[in-house]
There are 2 protein chains.
Amino acid sequence: MRASQFLIATVKETPSDAVVISHQLMLRAGMIRKLSSGLYSWLPMGLRVLRKVEAIVREEMNKAGAQELLMPVVQPSNLWQESGRWQQYGPELLRITDRHNNSFCLGPTHEEVITDLIRNEIKSYKQLPLNFYQIQTKFRDEIRPRFGVMRSREFIMKDAYSFHNDQESLQQTYELMHAAYTKIFTRLGLRFRPVVADTGSIGGNASHEFHVLADSGEDDIAFSDSSDFAANVELAEALSPPEKRKNPGLALEKVATPGQHTIEDVSIGLNTSASQVIKTLVVLGEAENEETAAPLIALIVRGDHKLNELKAEKIPGVGSPLQFASEEQIKGIIGCGLGSIGPVGLSIDSIIDRSAAELSDFVCGANDDGYHFIGTNWGRDCKTGRIEDIRDVVAGDPSPDGKGILHIKRGIEVGHIFQLGAKYAEALKATVLNENGKDQTILMGCYGIGMTRIVAAAIEQNNDEKGIIWPASIAPFQIAIIPLNMQKSVDVAEQSNKLYQQLSELGYEVLLDDRNERPGVKFADMELIGIPHRIVIGDRGLKDGKMEYKGRQDSENQHIDISNIIDFIATSIAGV
Amino acid sequence: MRASQFLIATVKETPSDAVVISHQLMLRAGMIRKLSSGLYSWLPMGLRVLRKVEAIVREEMNKAGAQELLMPVVQPSNLWQESGRWQQYGPELLRITDRHNNSFCLGPTHEEVITDLIRNEIKSYKQLPLNFYQIQTKFRDEIRPRFGVMRSREFIMKDAYSFHNDQESLQQTYELMHAAYTKIFTRLGLRFRPVVADTGSIGGNASHEFHVLADSGEDDIAFSDSSDFAANVELAEALSPPEKRKNPGLALEKVATPGQHTIEDVSIGLNTSASQVIKTLVVLGEAENEETAAPLIALIVRGDHKLNELKAEKIPGVGSPLQFASEEQIKGIIGCGLGSIGPVGLSIDSIIDRSAAELSDFVCGANDDGYHFIGTNWGRDCKTGRIEDIRDVVAGDPSPDGKGILHIKRGIEVGHIFQLGAKYAEALKATVLNENGKDQTILMGCYGIGMTRIVAAAIEQNNDEKGIIWPASIAPFQIAIIPLNMQKSVDVAEQSNKLYQQLSELGYEVLLDDRNERPGVKFADMELIGIPHRIVIGDRGLKDGKMEYKGRQDSENQHIDISNIIDFIATSIAGV
């Protein structure tokens, strides 16, 4: 492609409403333009990337035996009423009314439509399993669209839906999709992790999210340095520390800690580390019946750990959703303020985190405002109580699968696979005749990939101060040829056109920057756009029979003989 | 692809709500399924065809220098208010409101969005011309969606928009697009015509529609048998007949024609052909001022011709829109009923069609109920009046470009190219700085192709009693292999799998019908689906070292040596 015939819409200034780097770079590199809140046009440069992502996803889905179809963007309300989601879904579901006053929505997902299709087309268990996918525009009326195409209202998803006679078959396809997603994100050149996800509200059997690791991600992902284990930090199990509890070395002593209310205050005041201090939080337990008040329960974690509310509220006896006791309730029953509670002589039940339970000679509140105990030991000085996993994992924790230790990085969710089970098929009465000629509800899985979001996530993970660093497989062009002074030097024009033609004929995707711009502008644009390989052709080099090569992340130019330039590029590209 | 792993959703019965053959066959062949009125899901079989259409369109648009981008389906109302279309567009424009109570529409076209993009991105005349296209979902809330994907509400269009400094540049790109469309429809294997279209209401400079010729089309297309001329019947000029008027041969004679009110009645009653009878229609002329009544004007055409109202109302003095005089007005001024009017002694002005003006010795009404004149001649018996083109062309008329004679066929509009001129750019103030540093309004062209409609149009043009006959370039598969008794015969299974593999490896798209169905079902399905080449493999043939080949339109099987089958198929496919 000649740059003079292709919209290079680079922008120097960082647009003020773009917060995250991918949004900034997509605007600056001329990949997208905002039409309206959460609505973006994909310019030719950005669309090239999106189409490459699509091609890889399509190829791997086909290889995995999924069949592509295409369902409408606009969906009739009656199917959503059957599934119950017409009522359940909040205002993210954009409801519309046609000229005949019939209700429709812009599809945020297509479970209802595909289940309707399947219940009409599939009659016998012999026709299952089946797996269908589409790459289609979706709409979610986000209350606050942000981060460009990362959280837009209109976006493109690959969504797949599989149909099964039994759990075993569902599990098989689920694993197939897990493997296909792994291939897809690997081919996309992204550092990613499949992480165990919560199946909570939908109530399915199993679920994994695929996260691209990037500092700007909205989720914290914990993963092992020695195994495949990965989970949302909130869902990862925190094991007991490997070293067992030491015997008491100090005597219990009550010390004055005036004005020290936080863990930080206390550890500084007593010159100890936060990991030697325990934090006692008080929540409401489950009331025995409607007439009795909810009892208070103490949740005890190490000072350097964070209570995991999801874990805590799942423990029998603890109220769900988790509710903290008020200062008044604590004062009334324990007799001190929030910052002074501790297990010594505590009158309420307590649940102790596994790590806190392994401490000895620790510091804790004295249930007396302005005082703490030092040299506290479980058993000797206070009841051990129930020991449970009630904290978030932290970097350095042992991996819950017993292999290696956990690292924590931020992640951007780009894929999600889910065993839906009978949820939609039951609601929409999607059945097949089984071997005995009886109706049997179909089991379903669903598998999504955020196509437009992937482009942003790739940039979040791969950029520097100059711009985007595309993974080779999704760069808009592979090679940029930058002629210097092309408008005046016949030699430069000739050599540039010749190399452009030769490389194009070999099947490479080349952008020949034949614009009438200064070299500095061209260099900056090609780096901003993130084209992996760059060749500069100028009179000075040509005199010596050379062209200049620079990879997007190289620090130095290499001077390559003209006779060798094509081989050199071929090798560089093959090597990436 | 193995049929056992691909959704073959054929249906025996013709669905009752499908009127046109393409709709019937797309449902029966399992190409599409209706989700709701005017909303269709594309099943895997249909989507394969649609994707091939897309690939051809994309390739030719790229070759013609157009750049692909992608604009949102959902469009903000403010741009439509700027262009004035928010008010002008009827209820086909589906208007929606988001959670913040902002107005949007589902885009039926994208002129506003692209013009907004261009006015923001393009600053200088040096950046023009530019031509952008997208392949995107559109929505038009048809009052009565019908004919399946031929006139659905949600559909896919390729829409392109070009931007220019001057008319010459617009004309150049317009011609480039005309040529690209010609290539596209040729590659799609369709019999089509680019026809001159009306630029009426939009007020552009030039416009062509591309019609696929098919009996079920909604438009009548007149085209020359010896040149490229083609136009909507209503727009084609009717020339004077090549033979000049003969001298009068008969004397004028008034004859009784009791009860004969129509051309047919009169021509039977007087034993003459309708082409020797003239038809006199009376319409309202333009009133001189608001206080005078509109004068009556007689429009005279041959009895076998049809008045063209569009042409008539453009003639100075004739009222627009055309309005026929009432029976009372005619009685009052001419003194007879509708079926007895004629030019002899007529008191009102008349406009005579070119062909009617060349008649001699013709029959006409006598302005006296129950009587006609025979042997009437212009000049001798009545005033000649003004001679104009006021009729529809008919098959056999000379082509208006002077080359050959006209044929008439029905057409389905699948493409439309249009010189919009300054319409949108003016409304949205899209300007560039010209050579003199002054703002200059951009000129625009737009170029649409109905992607989903093409699939239906291809079927309307290519089908027989067995089903669809796909043009080679868009068939969902090229070759169907039908094994007989594959489940029991090891030999058949082996040979079928082997051939399937070999052909697939050579890059052919093969559907191996490995379903456990009777041969008759498989034959019928593959013919219904319209796969161009069929190979049947059975024990009987294999014993003789043969396989059976049949092209979709062949009447006989051919028995081909196994050793030769691949060459044979390659030759057959290359020959199509």
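## Ground rules

In this predicted model, local features need pLDDT of at least 70 and side-chain atom pairs count only at pLDDT 80 or more, while totals for chains, interfaces and linings use all residues. Residues are numbered from 1 along each chain as its sequence is written, chains are lettered from A and ligands numbered from 1 in the order in which they are written, and side-chain values use heavy atoms, with hydrogens and water left out.

## The nonpolar cores

A nonpolar core is a set of buried Ala, Val, Leu, Ile, Met, Phe, Trp, Tyr and Cys residues joined through side-chain atoms within 4.5 Å. Buried means under 20% relative accessible area, exposed over 50%, and partly exposed in between (1.4 Å probe, protein chains only). The largest core has 72 residues, and A:Leu188 and A:Trp470 are among those with the most contacts inside it. Helix H2 (residues 44-63) of chain A gives the most to this core, with 8 residues; helices (H or I, at least four residues) and strands (E, at least two) are DSSP runs, numbered from the N terminus.

Leaving aside neighbours within four places in sequence, A:Leu188 touches A:Val53, A:Ile56, A:Ile454, A:Pro471, A:Ser473 and A:Ile474. A second, separate core of 70 residues includes A:Leu130 and A:Cys446 together with B:Phe132 and B:Tyr424.

## A:Leu70, a loop residue

Now to the loop between strand E3 (67-68) and strand E4 (74-76) of chain A, where A:Leu70 lies. A:Leu70 counts as buried, at 8% relative accessibility. Beyond four places in sequence, its contacts include A:Gln134 and A:Ile135, and from chain B, B:Tyr40, B:Trp42 and B:Ile156.

## An enclosed strand in chain B

Strand E15 (residues 296-302) of chain B is largely enclosed by the rest of the structure, because 7 of its 7 residues are buried. Two strands pair if DSSP finds at least two bridges between them. Strand E14 (residues 278-284) of chain B pairs with E15(B) in the antiparallel sense over 7 bridges, and B:Lys279 has B:Val301 as its bridge partner. With strand E16 (residues 349-353) of chain B, E15(B) pairs in the parallel sense over 4 bridges; there B:Ala298 stands opposite B:Ser350.

## B:Ser267

Helix H7 (residues 263-269) of chain B holds B:Ser267, a buried residue with a relative accessible area of 8%. Its side chain reaches the backbone oxygen of B:Glu264 at 3.2 Å.

Notes. A polar contact is a pair of N or O atoms within 3.5 Å; within protein, one must be able to donate a hydrogen and the other to accept it, and residues adjacent in sequence count only if both atoms are side-chain atoms. Contact means heavy atoms within 4.5 Å.
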